[in-house]
Amino acid sequence: MKIPSVKGFHDVLPDESVRWSWIEQQARDVFALYNLVEIRVPIVERTELFTRSIGDTTDIVEKEMYSFEDRDGSSLTLRPEGTASIVRAYVEHALQQREPVSKLFYLGPMFRRERPQKGRLRQFAQIGVEVLGRDDAAIDAEVVLLLHDLLAALRIRNPRIELNSLGDAACRPAYREALRAFGEARRAQLCENCQRRLERNPLRLLDCKSSECRAATADAPVMLDHLCAPCRAHFDAVRAVLDREGVAVRLEPRMVRGLDYYCRTAFEVVAEGLGSQNAVGGGGRYDGLVKDLGGGNVPGIGFALGVERLVLSMADDAAGRPLAPEIFIAPLGAAEQEALHAAHRWRRGGVRVELAPGGKSLKSQMRLADKAGAPYVLILGEDELAAKALTVRDMVAKRDFTRAVDLTLSADALRAALAQLAQQPMEQRA
Ligand SMILES: [Zn+2]
Ligand SMILES: [Zn+2]
C-alpha cells in the first residue's frame with residue numbers, strides 16, 4: 001500500500017529545489033546589503049500567541065490554524081505566519097536591551113488550513129523581514145526599497161508594490177466608526193461573514209471577496225481620507241523617499257491587510273504568473289504588537305513573501321541549473337574499489353565527482369555519463385588498473401586519451417592534468 005502525502009502538503013523535488021535554493025541565496029545576499037541578520041524561531045507556539053496577535057476575527061484564527069492539544073492539555077499551534085513568533089522571541093529574550101534597533105530576517109515553513117489552489121498550500125514557505133525599534137518614515141521607505149531590490153534580484157515578472165496607510169490609534173477609531181456606520185446602512189446587501197464582523201472588525205468589509213460586498217462597498221470611505229496630521233505627514237514622507245529613489249508604487253486605498261495588528265504603512269506585492277490570487281506577499285507597520293505581547297513600547301515594520309508564489313512568478317531562466325559533476329568515473333570489472341578510493345581523495349580536494357557503480361558495460365556507463373553532464377569521463381578498466389592510469393574521455397571535444405591520468409594524483413594535479421589534455425591539439429591525441 002502506498003501512503004500519499006497530506007492534502008496541501010507538497011514535496012519540492014530536485015528540479016524545483018534548485019529554484020528554491022537560488023531564491024534563498026538571493027534573499028540572503030540582499031538582506032546582507034541592508035545589514036539584516038537571521039532569526040530562527042520554532043514552528044510550534046502556544047495558541048494564544050496567535051489569537052492575541054493576529055486577532056480572533058481573522059480568517060486565520062477563525063478557521064485556518066492547525067491547533068492541537070498537547071499531552072499536558074495545553075493548546076499548541078503550527079505557526080500560520082512569522083511575525084508573532086519573532087515578536088514573542090524579541091520580548092522573551094529582551095532584545096531591545098541589547099540593541100535599540102533589531103533588523104531581522106527569517107526563512108521557513110508556515111501552516112494554514114486553506115483550500116489548496118495554485119501557489120497556495122497548507123504548508124507554505126515564507127521569506128520575511130522584521131525591523132523593530134524604529135517608527136520614522138525613513139525606515140518604512142527603506143523596508144519598501146529592500147523589498148523592491150529583492151524582487152529585482154529574484155527576477156520576478158512585472159512586480160507591482162501597492163501602498164496604503166492604515167492610520168493609527170489616533171485616527172483609526174473614528175474611521176472604523178465611519179466605516180461601520182456605512183456598512184450598517186447597507187447591512188442587507190452584505191455577505192454573512194461581513195454582517196457578523198461588522199461590529200468587531202468593519203475594516204474587513206474592504207477586502208471581502210464576495211461580489212455583493214464589493215458592489216455594496218464600492219463607495220465606502222477609505223482610511224487615506226481620514227488620516228490625522230502626523231499619519232498624513234508620515235505617509236507623505238514615505239512616498240517622497242520612494243519617489244526620489246525612483247521606485248514606483250501604486251496607491252491602493254482599499255488595502256487593509258488581513259491582520260489586526262497593522263497600522264500606518266501597509267503594502268502588498270502582486271506579480272505575473274499567479275492568476276487571480278496574484279499577491280506574492282505583503283507587510284506593514286505594527287507599532288502596538290510588541291506591547292500587546294508583553295514587551296515595551298517598541299514599534300515594528302516587516303513583510304513576508306511566499307516562496308511557492310515567488311517560484312511561479314520568477315523569470316523562467318532565473319535560477320539556472322544545479323552544478324554538474326566535474327568528472328564522471330566509470331569503473332569496469334574489478335576496478336570499483338580503486339575508483340571509490342580515488343573519488344574520495346578527489347572529493348576531499350574539492351572536485352565534484354560522480355562515481356558510477358561497477359559491473360556495467362562501458363556503453364551503459366557512457367549513457368549515464370552523458371546524462372550526468374560531466375565534461376570528463378575517467379575510465380578505469382583492467383588495463384588502466386594494471387597501469388595505474390585512467391583513460392580520459394573528453395566529452396566536449398569527443399576524443400579519448402588512453403591511460404593518460406595517474407590514478408594517484410592529488411585533486412589539484414588532476415585538475416591541472418585535465419586542463420593540459422584539453423589544450424592538446426587534435427593530431428597529438430593518443
Ligand atoms: Zn462580505
Ligand atoms: Zn493617525
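These are legends for several close-up views of a predicted model.

Because the model is predicted, local features need pLDDT of at least 70 and side-chain atom pairs count only at pLDDT 80 or more, while totals for chains, interfaces and linings use all residues. Residues are numbered from 1 along each chain as its sequence is written, chains are lettered from A and ligands numbered from 1 in the order in which they are written, and side-chain values use heavy atoms, with hydrogens and water left out.

**View 1**
Eight strands make up an open, mixed sheet, running E1-E5-E6-E11-E10-E9-E7-E8. Strands here are DSSP E runs of at least two residues, helices are H or I runs of at least four, and both are numbered from the N terminus. Two strands pair if DSSP finds at least two bridges between them. E1 (37-38) and E8 (249-251) sit at the edges with a single partner strand each, so one side of each has no neighbour in the sheet. Inside the order, E10 (residues 279-285) and E11 (residues 300-306) run antiparallel over five bridges. Look for glycine 281, which stands opposite leucine 305 in E11.

**View 2. Zinc ion (ligand 2), with one aspartate among its donors.**
Asp168 (OD), Cys171 (SG), Cys228 (SG) and Cys231 (SG) coordinate this zinc ion at 2.2 Å. Donors are N, O and S atoms within 2.8 Å of the metal (3.2 Å for Na, K and Ca), and sites may look incomplete since water is not among the atoms. The donor angles run from 93 to 120 degrees, which makes the arrangement tetrahedral. For the geometry labels, four donors are tetrahedral if all angles lie between 85 and 135 degrees; four are square planar and six octahedral if opposite donors are over 155 degrees apart and all others between 65 and 115; anything else is irregular. Along the chain, the donor residues read D-x2-C-x56-C-x2-C. Aspartate 168 comes from the loop between strand E7 (160-165) and helix H7 (172-185), and cysteine 228 from the loop between helix H9 (211-216) and helix H10 (229-244), so the pair ties together parts 60 residues apart in sequence. Aspartate 168 and cysteine 228 are both buried, where buried means under 20% relative accessible area, exposed over 50% and partly exposed in between (1.4 Å probe, protein chains only).

**View 3. Zinc ion (ligand 1), held by cysteines.**
Here the donors are Cys191 (SG), Cys194 (SG), Cys208 (SG) and Cys213 (SG), at 2.2 to 2.3 Å. The site of this zinc ion is tetrahedral too, with angles of 104 to 113 degrees among the four donor atoms. The spacing of the donors is C-x2-C-x13-C-x4-C. Cysteine 194 belongs to helix H8 (residues 192-197) and cysteine 208 to the loop between H8 and H9, so this pair ties together parts 14 residues apart in sequence. Cysteine 194 and cysteine 208 are buried.

**View 4**
The model has four aromatic pairs. Rings of Phe, Tyr and Trp (its six-membered ring) pair if their centres lie within 6.5 Å; planes under 30 degrees apart are stacked, over 60 edge-to-face, and the rest tilted. Phenylalanine 31 and phenylalanine 105 are a tilted pair, 4.7 Å centre to centre with 35 degrees between the planes. Phenylalanine 31 lies in helix H1 (residues 14-33) and phenylalanine 105 in strand E5 (residues 102-111), so the contact ties together parts 74 residues apart in sequence. Phenylalanine 31 is buried at 0% relative accessible area, and phenylalanine 105 is buried at 6%. Separately, Phe9, Tyr66 and Phe111 form one aromatic cluster.

**View 5. Salt bridges.**
The whole structure has 28 salt bridges, each a side-chain nitrogen of Lys or Arg within 4 Å of a carboxyl oxygen of Asp or Glu. One of them joins arginine 285 to aspartate 140, with the closest N and O atoms 2.5 Å apart. That bridge links strand E10 with helix H6 (residues 137-153), 145 residues apart, and both arginine 285 and aspartate 140 are buried. Arginine 180 is buried at 18% relative accessibility, whereas glutamate 177 is partly exposed at 41%. Asp59, Glu62, Lys63, Arg196 and Arg197 are linked in a network of salt bridges.
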